[in-house]
Amino acid sequence: LTFRHLTIRLAKGWRAGGGVDHVEVATGRACRRSAGGVDCPGFLLLGPTQIAIASELAPFDPDKVWHPGAGVEGCPGDRDGLAEVTPTVPTRQSTAKVGGKDAVYREWRIDCVDARTGKPRTSYTQRVWYLKRSGILVVDEWSTPALEAVLAAGRFG
């Protein structure tokens, strides 16, 4: 798969779809239908138009959770029934290799509450790799196995 001059090798069973500036890679696990559409476990490859609205409709900020909407976001396991409680501090911040380049890397532990009652239910980890100069943001809300290695083994050209 080539996205904005970055080529990565998709693992067996992974499939990609989307457009020029927004590619969804599904890992083959079961998808879930919600009011917002179909949500498939996997990760996103986002380009400049998506990066421009990746932080509550403002440009992406690595020191904030990826949150493209202006309202309350649903959690990936149940977008209709669970709401995110957005943390203010990442659980991990560093750099990570993507195609031989250093990407800004953040991990966020996001708690999920029942959307109706507000009672705590579960949590998930959001991982982001940001290559500002290349105009690439990778977002993983599903703890995609081997994604770090896939990105690190990618190449630009």
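Reader: Okay, what's the bridge partner of F3 in β2?
Author: That's L6. Keep in mind that this is a predicted model. Strands β1 and β2 (residues 6-7) pair in the antiparallel sense, over 2 bridges.

Reader: And what's the strand order in that open sheet?
Author: The order is β1-β2-β14, with antiparallel pairing. β1 (2-3) and β14 (155-156) stand at the edges with a single partner strand each, so one side of each has no neighbour in the sheet.

Reader: New topic: is β13 buried or exposed?
Author: Buried: 5 of its 5 residues are, so β13 is largely enclosed by the rest of the structure. I136, V138 and D140 are buried on one side, and L137 and V139 on the other.

Reader: Which residues sit that way in general, one face then the other?
Author: In a regular strand, side chains alternate between the two faces of the sheet.

Reader: What does β13 pair with?
Author: β7 is joined to β13 by 4 bridges and runs antiparallel to it, with L45 partnering V138. β12 (residues 120-131) also pairs with β13 in the antiparallel sense, over 5 bridges, and there V128 stands opposite V139.

Reader: How many residues lie between β12 and β13 in the hairpin?
Author: 4, and G135 in the turn has a positive phi of about 65 degrees.

Reader: Last one: what's the volume of the largest pocket?
Author: About 570 Å³. Of the 27 residues lining the largest pocket, D39, L44, W66, R79 and E141 are the closest to its centre. β13 (136-140) is one of the elements that give two or more residues to that lining.

Key: Residues numbered from 1 in each chain as written. Predicted model: local features only at pLDDT ≥ 70, side-chain atom pairs only at ≥ 80, totals over all residues. Heavy atoms only, no water. 1 Å grid on protein atoms, 1.4 Å probe; cavity = no way out; pocket = protein on both sides within 12 Å on 5 of 7 lines; lining within 4 Å. Points joined across faces, edges and corners; volume = space filled by probe spheres on them. Pairing = 2+ DSSP bridges. Buried < 20%, exposed > 50% of the residue type's maximum accessible area, 1.4 Å probe, protein only.
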